[in-house]
Amino acid sequence: VPPRKPKLIARAAAGCVFAVSLLVLLGWIFDVAMFKSIVPGWPKMSPITMLAFLFSAFSLWCVASNGNIPAARNRKMSWSRAARVSAVLVAMIGLFRLADHVSGWHLNFDLLGFHDDLKSGSPAGMAPATALGFLLMGGVLFSAVELRGFLAFQILLLSIGLITWLRWLQYRYGGPP
């Protein structure tokens with residue numbers, strides 16, 4: 001039986017990501033510019049990015065909650081299945097957005113039907129590094145369901161950490177997009 005403390009931390013992280021994603025969703029629904037960006041002055045989070053974060057949070061919550069269910073085996077399998085489906089959706093969002101960037105199609109599905117007022121700053125869109133991060137995160141969340149994929153889990157998670165660190169350094173110290 002895995003220790004309880006990491007699962008509590010994972011559920012807390014999932015809850016925080018879910019709450020921030022809901023704030024961003026409210027920002028888009030009610031056109032509140034302050035909620036569309038996590039940090040003032042940073043680019044707006046696009047609705048497709050918010051959706052990928054919601055699916056990521058749900059998948060992480062399912063993975064972290066799965067071991068704590070003293071129910072029947074089929075209920076635990078339902079949590080695992082929900083975690084896998086959410087992980088695949090996260091990876092698909094990243095893959096489609098990355099393919100859109102690479103191919104140059106510019107399908108513009110970032111806004112998911114929301115209207116973006118260009119007068120309020122730069123248009124909302126998912127960066128290629130973010131799309132790659134979601135593609136890898138889908139793999140991480142999918143492999144987290146099974147303990148057999150631990151090496152893949154570690155490699156993908158370290159890759160995401162490196163990409164995130166490099167992007168944070170770019171935001172902190174500037175540089176070309």
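Predicted model: local features only at pLDDT ≥ 70, side-chain atom pairs only at ≥ 80, totals over all residues.
User: What does the corresponding check give for helix α6 (residues 150-173)?

Analyst: Its 24 residues should span 34 Å at 1.5 Å a residue, and the end C-alpha atoms lie 34 Å apart, so expectation and model agree here as well. The buried residues of α6 are Ile 160, Ile 163 and Gln 170, and what covers them includes α5. After α6 comes Gly 174, which has a positive phi, near 85°.

User: Why is the pair of Lys 36 and Asp 31 called a salt bridge?

Analyst: The criterion is a side-chain nitrogen of Lys or Arg within 4 Å of a carboxyl oxygen of Asp or Glu, and the closest N and O atoms of Lys 36 and Asp 31 are 2.8 Å apart, so the pair meets the definition. A search of the whole structure finds 3 such salt bridges.

User: Are Lys 36 and Asp 31 buried or exposed, and how do you know?

Analyst: Buried requires under 20% relative accessible area and exposed requires over 50%. Lys 36, with a relative accessibility of 4%, is therefore buried, whereas Asp 31, at 54%, counts as exposed.

User: What makes Arg 97, Asp 100 and Asp 110 one network?

Analyst: The side chains of Arg 97 and Asp 100 form a salt bridge with an N to O distance of 2.2 Å, and Arg 97 also forms one with Asp 110, where the closest N and O atoms are 2.6 Å apart. This second pair links distant parts of the chain, with Arg 97 in helix α4 and Asp 110 in the loop between α4 and α5, 13 residues apart. Because salt bridges that share partners are joined, Arg 97, Asp 100 and Asp 110 belong to one network.

User: What makes up the largest nonpolar core?

Analyst: It has 7 residues, namely Ile 48, Ala 52, Val 90, Ile 93, Met 126, Ala 131 and Phe 134; membership requires buried residues of nonpolar type joined through side-chain atoms within 4.5 Å. The elements that contribute two or more residues to this core are α3 (47-66), α4 and α5. Leaving aside its neighbours within four places in sequence, Ala 52 is in contact with Val 90, Ile 93 and Phe 134. Apart from this core lies another, of 6 residues, among them Trp 28, Met 45, Met 50 and Ala 124.

User: Why is Ile 38 called partly exposed?

Analyst: Its relative accessibility is 46%, a value that falls between the 20% and 50% limits, so the intermediate class applies. Ile 38 is located in the loop between α2 (33-36) and α3.

User: How do you know that Ala 82 is partly exposed, and which residues is it in contact with?

Analyst: Its relative accessible area is 22%, so Ala 82 belongs to the partly exposed class, given that buried means under 20%. Ala 82 is found in helix α4, and, leaving aside neighbours within four places in sequence, it is in contact with Phe 58 and Cys 62. The C-alpha atoms of Ala 82 and Val 63, which are 19 residues apart along the chain, are separated by 9.0 Å.

Definitions and conventions. Residues numbered from 1 in each chain as written. Heavy atoms only, no water. Buried < 20%, exposed > 50% of the residue type's maximum accessible area, 1.4 Å probe, protein only. Helix = DSSP H or I, 4+ residues; strand = E, 2+ residues; numbered from the N terminus. Contact = heavy atoms within 4.5 Å. Expected span 1.5 Å × (residues − 1).
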